[in-house]
Amino acid sequence: MANRSTGFLDKRRIIAGPGYNRWLVPPAALAIHLCIGMAYGFSVFWLPLSKAVGIKDSIKCGPDVNFFQELIVTGCDWKISTLGWMYTLFFVLLGSSAAIWGGWLEHVGPRRAGVVSALCWCGGMLFSAWGIYLHQFWMLLLGSGVIGGIGLGLGYISPVSTLIKWFPDRRGMATGMAIMGFGGGAMIGSPLAAELMKHFATPTNVGVMQTLIVLASIYFIFMMAGALSYRVPATGWKPAGWSLPAAHINNRMITQRHIHVKDVWRIKQFWLLWMVLCMNVSAGIGVIGMSSPMLQEVFGGRLIGVAKTYGELGKPQLAAIAVVAAGFTALLSLFNIGGRFFWASLSDKMGRKLTYSVFFVLGCLLYISVPGSANAGSKLLFVAAFCVILSMYGGGFSTAPAYLADLFGTQMVGAIHGRLLTAWATAGILGPVIVNYMREYQLSLGIPREQIYNQTMYILAGMLMIGLICNLLIRPVADKWFMSDDELAEEKHLAHEKIVEAEITDHEGIEEPISEVHRRSHPLIVLAAWTVVILPLSWGIYKTVTNVSKFFA
């Protein structure tokens, strides 16, 4: 008799039966990614938090207060540059936690990982809210930065392996749908946070603490719903009427075997792909962080029909171009999100290697074109170049999991993806440092503000060429790295997998009734699941389009 002591979060409880509709899995993944994607929008809190003590105006700390003293000081306000460390911690911890616990996730399944992610992300926000109440910055770093960052990593990779196994016919599209949600999280969270802060703000409180508590509560409900809705297919499952195309069987870049996550550090293809992702992300993430000031400094008064440079504008004019620049930033976010789905879906037709080659070649040409369009005063060409660049930045994220599955197999692709995300953590530091410090260096040389980004564009183009070379060097993985049949069987056992053809009467020791395992998914349930995630996403897009309209006004 099989062991019936499995817990509610056990992976064996979520093995789907024949009647399960695979289109229920993407909304579950989106429910989690739309919540943790708020990490991109946390900068909405920086300005209010920089006035948490002074309320109307920041109370600056004395010159003798260093960074470490700022962690515990209560009588003065935090600097925005200090608050930015939370943003850095988000992505450093995302990459490192995904790398550390990716193998654990493959064994315990997406439900348990999703629940832990919800507890960490939302619990971290609550701890940060407490830190705001006590005005202790170390609590914000520990809460949202460290604990929340761990939740980010686990939540980000929780659906990857599951989606790829549910959609063997559309690997890129499946992961693109989920990772699109991570890009869209800030579109929902930022305007919602702004509305909540406005509601909670009083003459003695900026409203951030209460906003974090409300957001944590909403996110916890959504993330738990997503985690508990995850289902994994039985081993050997495939879509009805689908068989592996001959083109895939004959394509040596798409393996039908599997590599163990413990071996990927020693495989050159992994490091080449690591560099591919790092270069693509570094080039894009630096631009995202400086998009608003870049547009304002390059075009100055021309954004509002005034023939003046940025330095010649008065306060009302600076405020006016800042509104236009906010619309530009919002426009880039739309292309970032749309590119995640578009390019990943296109990669199912083009192949991952060719798709990344397009990213690098086209991106390099567009970066090189930016100084020319800026000098010519062509706002249209300037904006169009960055819209396409940001679409490929997002596309690089969403295409990476399918590229990994092609090269290393699907058995441990979630864990391998976690290791790959260390490239994102690296790029999160490298990209902004290059853009920010090159800007400061150019200003120190006395170069006019409208020209200070020219050299940076050429450096970013060079980084994309490095990525292109690495991508072109990727070849099929050598046979020696793949798991033997015995090793694969052991890994399937550790992952609590169930063979699709096996007798289901005992269902591997699961306590839930067999009727639930075989329950057919009603079309209305599928529609309801998609509605729950599409409605907030549509609201976020509406708010973003409203900001974009200011750019074209």
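Predicted model: local features only at pLDDT ≥ 70, side-chain atom pairs only at ≥ 80, totals over all residues.
Helices of at least four residues and strands of at least two are DSSP runs, numbered from the N terminus.

Figure 1. The C-alpha atoms fill a box of roughly 80 × 50 × 45 Å, taken along the principal axes. A compact globule with 553 residues would have a radius of gyration near 24 Å, and the chain agrees, because its own value is 24 Å. Buried residues account for 55% of the 553 residues. Take the contacts between residues at least 6 apart in sequence: 83% of them join residues at least 24 apart. The chain exposes about 22,700 Å². Carbon and sulfur atoms supply 66% of that area.

**Figure 2. C61 and C76 form a disulfide.** Their sulfur atoms are 1.9 Å apart, and the cut-off for a disulfide is 2.5 Å. The link is right-handed, with 85° about the S-S bond. C61 lies in the loop between α2 (46–49) and α3 (67–70), while C76 lies in the loop between α3 and α4 (80–108), so the pair ties together parts that are 15 residues apart in sequence. Are the two partners buried or exposed? C61 counts as partly exposed, at 22% relative accessibility. C76 counts as buried, at 6%. The count for this model comes to one disulfide.

**Figure 3. C364 and C387 are buried cysteines.** C364 has 8% relative accessibility and counts as buried. C387 is in no disulfide either. The nearest cysteine sulfur to C387 is that of C364, 19 Å away. At 4% relative accessibility, C387 counts as buried.

**Figure 4. T82 is a buried residue in helix α4.** Its relative accessible area is 3%. Buried means under 20%, so T82 falls within that class. Which residues does T82 touch, leaving aside its neighbours within four places in sequence? T82 is in contact with F67, E70 and F137. Helix α4, where T82 is found, spans residues 80–108.

**Figure 5. G207 sits in the loop between α8 (171–200) and α9 (208–229).** Is this glycine, G207, buried or exposed? G207 counts as buried, with 0% relative accessibility. Residues up to four places away in sequence are not counted here; beyond them, G207 touches M197, F200 and A201. L196 is eleven residues from G207 along the chain. The C-alpha atoms of G207 and L196 are separated by 7.6 Å.

**Figure 6. Four residues form a nonpolar patch on the surface.** They are I72, W138, L142 and I147. Together they have about 340 Å² of accessible area. One of the four, I147, lies in helix α6 (residues 137–157). How exposed is I147, and what is its relative accessible area? I147 is partly exposed, with a relative accessible area of 30%.

Key:
Residues numbered from 1 in each chain as written. Heavy atoms only, no water. Patch = residues over 30% accessible without salt bridge, like charges linked within 9 Å, V, L, I, M, F, W, Y side chains within 5 Å. Areas by Shrake-Rupley, 256 points an atom, 1.4 Å probe, with all protein chains shown as cover. Salt bridge = Lys/Arg side-chain N within 4 Å of Asp/Glu carboxyl O. Buried < 20%, exposed > 50% of the residue type's maximum accessible area, 1.4 Å probe, protein only. Contact = heavy atoms within 4.5 Å. Rg over C-alpha atoms; globule rule 2.2 N^0.38 Å.
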